[in-house]
Amino acid sequence: QVQLVESGGGLVQAGGSLRLSCAASGSIFNIRAMGWYRQAAGKQRELVALISSSGTTNYVDSAKGRCTISRDNAKNTVYLQMTSLKPEDTAVYFCWAYSAYNNNAYWGQGTQVTVSS
């Protein structure tokens, strides 16, 4: 099992920045990829960014240029640095991890990001 705990959400004005953190614990040695998803009220959960165990990153178009995903393997933590935030970025942001050991995906409890105009 893998446990994921997010932190760093909050209220920020449009144009501001936030850094989200996700600390992984448990059976972390088989984690191959981690990432961030978000879910706005009334909408489906959507991918924001992914990072592999080797550091390869992928971003959805809306995140490119404004978001940076990074990973500190020594701390078992993945980060999402978000800049130039817009009101439409308002959502609950979820950390995600994929374990190659049991082919399972794990989710954190989510952290709220609210961007005011």
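**View 1. The largest cavity has a volume of about 40 Å³.** This is a predicted model, where local features need pLDDT of at least 70, side-chain atom pairs count only at pLDDT 80 or more, and totals for chains, interfaces and linings use all residues. Residues are numbered from 1 along each chain as its sequence is written, and side-chain values use heavy atoms, without hydrogens and water. A cavity is a set of points on a 1 Å grid over the protein atoms alone where a 1.4 Å probe fits but cannot get out. Its volume is the space filled by probe spheres set on the points, joined across faces, edges and corners. The structure holds one cavity of 30 Å³ or more.

**View 2. Residues line the largest cavity.** They are R38, V48, S62, A63, R66, C67, M82, D89 and Y93. Lining residues have an atom within 4 Å of a point. Five are nonpolar, one is polar and three are charged. Here Ala, Val, Leu, Ile, Met, Phe, Trp, Tyr, Cys and Pro count as nonpolar, Asp, Glu, Lys and Arg as charged, and the others, Gly among them, as polar.

**View 3. Strands β7 and β8 run antiparallel.** Six bridges join β7 to β8 (residues 77–82). C67 has M82 in β8 as its bridge partner. Strands are DSSP runs (E, at least two residues), numbered from the N terminus.

**View 4. S25 sits in strand β3 (residues 18–26).** S25 counts as partly exposed because its relative accessibility is 35%, between the limits of 20% for buried and 50% for exposed (1.4 Å probe, protein chains only). Beyond neighbours within four places in sequence, S25 contacts Q1, V2 and Q3 (heavy atoms within 4.5 Å).

Definitions and conventions: Two strands pair if DSSP finds at least two bridges between them. Helices (H or I, at least four residues) and strands (E, at least two) are DSSP runs, numbered from the N terminus. On a 1 Å grid over the protein atoms alone, a cavity is a set of points where a 1.4 Å probe fits but cannot get out, and a pocket is an open set with protein on both sides within 12 Å along at least five of seven lines; lining residues have an atom within 4 Å of a point.
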